[in-house]
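Here are my notes on this one, written for someone meeting it for the first time. Have a look at the model, then work through the points in order.

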Amino acid sequence: RTGKPDIACRLGAPPPDPAVGSVAAGSGMSTDHLPDVLQQWHASITHRRTETRLLDAMRDSAGSVPRVGQAAAELCRLAFALGQAGDTRSLAEIALGTALEGSGCSRGVVLLPDTIGAAPSSGKTSASALEAVAAMPAPWPAAEIPRAAAAAVLRMNEAIVARDSTLRPGTVSSMSVPIRAEGETVGVMHLERRPGEREGTPDDLEFLLAVCNALGMALANLRTREMLSAKLATTVDENARLKARLREESRMVGVSRALVVIVGQIGGVASTKAT
């Protein structure tokens with residue numbers, strides 16, 4: 001092999017990067033895998049796609065994107081299901097289930113970092129920082145996490161269909177898709193096909209990109225809710241401590257009838273704007 005990608009179909013993507021097929025110095029990927037492994041993955045790619053058209057206006061895309069009606073229904077159900085999930089693992093499992101059902105793959109894994117948004121100093125997610133958050137069937141052995149495929153997806157920021165001899169035993173091809181949250185690629189969804197299952201197509205990449213985009217938005221919303229909840233909890237705690245301190249500093253000393261009357265007057269005026 002020459003190390004250059006053998007691309008059977010590349011739709012909706014920019015011209016090939018001259019650096020594809022080799023690991024550029026300072027790319028941040030050299031610590032994840034040896035260059036020849038990444039080159040092998042690049043050479044095995046059969047389809048690539050950067051963006052999905054399924055999230056465009058359905059009337060405009062109906063003539064150019066097959067199975068739009070079915071995909072729209074599946075994505076609608078996915079959106080409702082994601083809205084009811086309350087943690088990262090649940091979100092990943094829901095999205096993975098939809099992706100497997102819609103793509104015809106038999107197994108897959110969602111790879112995410114421990115904390116969404118906690119990017120390294122380089123500003124980019126590293127394949128070595130990704131862990132299996134959800135897998136079907138589960139569990140997914142840590143030694144078999146497809147880091148080379150994840151590195152290729154993170155590097156190119158594209159969804160790819162690939163055939164490669166380094167896949168898990170009993171697998172003939174794979175589909176790897178970026179998960180994007182708030183404009184950043186934060187993870188990868190990796191699906192595998194077994195012998196006898198149909199080949200992955202550009203239409204599958206369209207659908208999987210839409211699923212992963214929905215997952216990315218759900219992850220970003222979850223992170224925002226968690227941040228707001230943390231701030232609210234902090235505010236409530238500070239408010240309680242300030243009230244306790246105020247009660248201590250303004251405590252009246254004495255139990256005479258005159259003082260009781262004054263305290264009653266203070267309590268009545270406290271809720272008003274009177275000085």
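Which residue in β6 is the bridge partner of I160? Keep that in mind for point 3; the answer is S176.

1. First, the ground rules. This is a predicted model, where local features need pLDDT of at least 70 and side-chain atom pairs count only at pLDDT 80 or more, while totals for chains, interfaces and linings use all residues. Residues are numbered from 1 along each chain as its sequence is written, and side-chain values use heavy atoms, with hydrogens and water left out.

2. Now the overall picture. The protein chain has 7 helices and 7 strands; helices (H or I, at least four residues) and strands (E, at least two) are DSSP runs, numbered from the N terminus. In order, they go β-α-β-α-α-α-β-β-α-β-β-β-α-α. Of the 275 residues, 41% are buried (buried is under 20% relative accessible area, exposed over 50%, partly exposed in between, with a 1.4 Å probe and protein chains only). Take the contacts (heavy atoms within 4.5 Å) between residues at least 6 apart in sequence: 69% of them join residues at least 24 apart.

3. Most residues other than glycine have a negative phi, and most peptide bonds are trans. Two cis peptide bonds are worth a look: M136 to P137, with omega about -5 degrees, and A138 to P139, with omega also about -5 degrees. P137 is in the loop between β4 (131–136) and α5 (147–156), and P139 lies in the loop between β4 and α5 too.

4. E182 is exposed because its relative accessible area is 59%.

5. Do look at how α1 (residues 35–43) meets α5. Their axes come within 9 Å and cross at roughly 75 degrees (axes are lines fitted to C-alpha atoms, for helices over the stretch in contact, with angles from 0 to 180 degrees between N-to-C directions). That makes α1 roughly perpendicular to α5, a label for 65 to 115 degrees. V37, L38, W41 and H42 of α1 make the contact with A148, A149, A151, A152, R155 and M156 of α5.

6. Is D204 buried or exposed? At 3% relative accessibility, D204 counts as buried. Beyond neighbours within four places in sequence, D204 is in contact with G102, S103, M175, R193, R198 and E199.

Key
Two strands pair if DSSP finds at least two bridges between them. Angles under 35 degrees count as roughly parallel, over 145 as roughly antiparallel, 65 to 115 as roughly perpendicular and the rest as oblique.
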